Every structure is written in structure tokens, then in C-alpha cells.
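Visitor: I would like to learn how to read helix packing in a model. Please take me through one case.

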Amino acid sequence: MTPQGAIGRLHRLGALLTEQLCVVYRRFGLSEGEFDVLAALRRAGAPYERAPGELAAHTMVTTGAMTKRVDRLEHAGLVTRRRATGDGRGRVVALTPAGREPIDRAFTEHMRDERRLLDALSPQEAERIEELPTTWLARMEGPRPGS
């Protein structure tokens, strides 16, 4: 195995997976990043809100990229921004009822799509495909602060 072969295949696989997963997002009028933001808010549980910095950390993007995503989602009426209770400087991004309905449907379809993609592998292969990247990521990312 060569580094070019291994890395090239991972890049190609990532691109193909992203391409197939984005079909679902587009069906709901969302980009991949917008889906990530709405899903992170939904996973937060009621009242479905997080600080912008938390959203950036959960979706692994910069705060600048998060601002652009939230701007688009707010313009579409899917999220709102408000001052944080108890901290006039802080902000909170909240999922609106108009945002909750499409993310619930999109997330359900997304999970079915991920299962479909993973079902191309045997259960043993699927287990290995989870283990090796987990190990590699841990080594590449290093210890997390506070660990």
C-alpha cells in the first residue's frame, strides 16, 4: 500500500459519501452545513437552543462560518437569535417551529440514508470501518484539552 493510494481512496470515499448524503439535504432545501446546525440544535433538546460558539464546536467549523450559516437559517425563518438570559453580551441561537419540522423529517431520512450506505458492508467490515478511523483521528487530533 502506498500513502497516495490510501489517502486518495479516503478522499474519494469521503467525496462520494458527501455527495450522496447531500441529496437528502437538498431535498429539504438545506446545505450540508445548514443541516448540521439544525441537527445540533435539535439534539440539544427542548428548548432547542445553543450559543453560537457551542454550535461551532459541535459542527466543527469556525465561528465565522457559523455566523454565515445562522444568518442564512435566520433569513429562512428556521432559527432565531436572541440575547442570552443572564448575560447581555452572549447570544443564543434557537430552532423555530418552522425549523423543527423540516429537520425532523430530514434527520429521519438522513439516518435511513446512512444505514443504506453502511449496509454495503458486512457487519464485520462496518465495525472495522468505525474502529480504524477512530484510532487514526485520535492520534491525528491528539489529546483534547482537559483530558
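**Reading a helix pair**

Guide: Of the 147 residues of the protein chain, 29% count as buried (under 20% relative accessible area, with exposed over 50% and partly exposed in between; 1.4 Å probe, protein chains only). This is a predicted model: local features need pLDDT of at least 70, side-chain atom pairs count only at pLDDT 80 or more, and totals for chains, interfaces and linings use all residues. Residues are numbered from 1 along each chain as its sequence is written, and side-chain values use heavy atoms, without hydrogens and water.

Visitor: How are two packed helices described?

Guide: By the angle between their axes and the distance between the axes. Here, helix 2 (residues 32–43) and helix 4 (residues 63–75) pack at about 85 degrees, axes 10 Å apart. That makes helix 2 roughly perpendicular to helix 4 (the class for 65 to 115 degrees).

Visitor: Which residues of helix 2 and helix 4 meet?

Guide: Contact means heavy atoms within 4.5 Å. Gly33, Glu34, Asp36, Val37 and Leu38 in helix 2 meet Met66, Arg69, Arg72 and Leu73 in helix 4.

Visitor: Which residues in helix 4 are buried?

Guide: Met66, Arg69, Val70 and Leu73 are buried in helix 4. They cover an arc of only 100 degrees around the axis, which puts them on the same side of helix 4. The arc uses the directions from the helix axis to the C-beta atoms. Lys68 and His75 are exposed, on the other side of helix 4.

Visitor: What follows helix 4?

Guide: Gly77 follows helix 4, with a positive phi near 80 degrees.

Key
Axes are lines fitted to C-alpha atoms, for helices over the stretch in contact, and angles run from 0 to 180 degrees between N-to-C directions. Helices (H or I, at least four residues) and strands (E, at least two) are DSSP runs, numbered from the N terminus. Angles under 35 degrees count as roughly parallel, over 145 as roughly antiparallel, 65 to 115 as roughly perpendicular and the rest as oblique.
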